[in-house]
Amino acid sequence: MANIPYKIYLSENEMPQFWMNLQAYLPKKLDPMLDPKTGRPVTEEGLRAVFTDEAVRQELNTTDKLIEIPQPILDFYRMYRPSPVVRAYNLEKMLDTPAELYYKFEGTNTSGSHKLNSAVPQVYYAREQGLTNVTTETGAGQWGTALAMATGYYGLGLKVFMVKSSAEQKPHRKAVMETYGGTVIPSPSDTTAVGRKILQEHPGTGGSLGCAISEAVEVALNQEGTRYLLGSVLNHVLLHQSVIGLEAKAALDKYNITPDVVIGCTGGGSNFGGLIAPYMADRLEGKNNIRFVAVEPASCPTLTRGRFAYDYGDTGRMTPLMKMYTLGSGFIPSSNHAGGLRYHGMNPIISQLRHDGLVDAVAYEQTRVFRAAKIFCKSEGNLPAPESNHALCAAMDEAIRCKETGEKKKILFCLTGTGFFDMPAYMLYNSGKMTDSIPTDEELEQGFATLPEINL
């Protein structure tokens, strides 16, 4: 124990030179994405109308287990990577647990989260393709901020549709995006046809990631030299985020540490998929028996109460359909301070692993995760983002169970980002005014009613 430092760092030379393609390790191929117009498997050409060419190639790559990271991307990564793995000694002491708690801290860059790991390659590929503008959505603002940093660096125009409830809660996120040169529009908005339709059908709505995606895709399809970049859900995003897990494993391997449990928060699945990638690859090859836990908000319980079915990735039904756990593209969750987790669907790889029993899932109310966050703040001196609080809470619960059973488990979780842009949420919790919202079965059925009928 004394030989394990508080923070385990990798040297610059130890930073991953390849991304890990978890899709290539699956025992069988994922069900294909479907064209929203024909209902048939989508073509590479069809995807290129929305996404960059290289993103499409990576999305459809089911054979290469490792994909080399281009040198210009590595050069950008070196400005903030490798990020540390931290041993939470003080939290262990406060919980009086025999468990060992480790977290991979992804909040060491200006965007404040792991999102920069995929923003950099996606914008780089857009520039290399000769594009001039990109569009996107953002929930809590981390992805929009990361993309603004990348487009500012590479000199591309950026339009961000930010979920309206989050835009109202986090005006400083908007200011950061604009500082880097991005244009921010609260969603749903009257600037797009799909936005106007959603506002008509749901007057006064705070929006959702599904709404914002629809608006961003509409602009990309109708503006020359523009593509849509997505910060989660799709497989090429998980590919880029595998640097999280690869660094975590390399750091822990230095001290012969193999976690018994790996935990991450899940909205669309990007940080969780990136964290588990090397460990899940080994699990699929029979090399470990690690338990993997995905943690989501009870207000948007995709993995815990959703259905494994084909669905659209957006509210406006413009994106390809994916086989995934979903609450229905028409489901609009209640406002939640973990804005980055308010998404109706889940990445297809994570969904398949969940369906196959290789990933467990739990859902927490937001008051519960903020209570855990205050304990973490007091013991570790780190202020986590509301999204990160979900993984933190699950890790603490696991550690408390170890106290009750006497097990000395090693628990690894991802602290996806900092909470300094989320102070209104902490203020609301501290004042005792934060409330919880859990959809009823009847409300979920309304979302399920929007699932398309698919006949392959």
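Is S329 buried or exposed? At 1% relative accessibility, S329 counts as buried. Buried means under 20% relative accessible area and exposed over 50%, with partly exposed in between, for a 1.4 Å probe and protein chains only. The model is predicted, so to speak of local features takes a pLDDT of at least 70 and side-chain atom pairs count only at pLDDT 80 or more, while totals for chains, interfaces and linings use all residues. Residues are numbered from 1 along each chain as its sequence is written, and side-chain values use heavy atoms, leaving out hydrogens and water.

S329 sits in the loop between β13 and α14 (348-355). Helices (H or I, at least four residues) and strands (E, at least two) are DSSP runs, numbered from the N terminus. Leaving aside residues up to four places away in sequence, S329 touches D311, Y312, D314, T315, R317, H344 and T450. Contact here means heavy atoms within 4.5 Å.

In β13, 5 of the 6 residues are buried, so the strand is largely enclosed by the rest of the structure. β13 pairs with β12 in the antiparallel sense, over 6 bridges. Two strands pair if DSSP finds at least two bridges between them. Y310 has K323 of β13 as its bridge partner.

The buried residues of α18 (residues 441-448) are L444, G447 and F448. Seen down the axis of α18, these fall within an arc of 100°, so they line one face of the helix. The arc is that of the directions from the helix axis to the C-beta atoms. An α-helix has 3.6 residues a turn, so residues three or four places apart point the same way. The cover over the buried residues of α18 includes α13 (302-305), β12 (307-312) and β13 (321-326). On the face turned away from the buried side, α18 carries the exposed residues E442 and Q446.

Now to the sheets. R87 stands opposite Y102 in β5. Axes are lines fitted to C-alpha atoms, for helices over the stretch in contact, and angles run from 0 to 180 degrees between N-to-C directions.

The contact draws on both helices, including V237, L238, Q241 and A248 of α11 and S270, G274, L275 and Y279 of α12. Angles under 35 degrees count as roughly parallel, over 145 as roughly antiparallel, 65 to 115 as roughly perpendicular and the rest as oblique. The crossing of α11 and α12 is right-handed. A crossing is right-handed if the near helix is turned clockwise from the far one by less than a right angle, and left-handed if anticlockwise.

A248 belongs to α11. At 0% relative accessibility, A248 counts as buried. Residues up to four places away in sequence aside, A248 touches V85, K104, L275, Y279 and L412.

A second open sheet has 4 strands, ordered β8-β7-β6-β9, with parallel pairing. Its edges are β8 (183-187) and β9 (226-228), each with a single partner strand, so one side of each is left without a neighbour in the sheet. The twist averages 20° from one strand to the next. β7 (residues 157-163) and β8 pair in the parallel sense over 5 bridges. There, F161 stands opposite I185 in β8.

Helix α6 (residues 142-154) packs on this sheet, touching β6 (133-138) and β7, and its direction makes about 160° with that of β6. α6 also meets α8 (residues 171-179): their axes come within 8 Å and cross at roughly 15°. α6 and α8 are therefore roughly parallel to each other. Their crossing is left-handed. Q142, G144, T145 and A148 of α6 make the contact with R173, V176 and M177 of α8.
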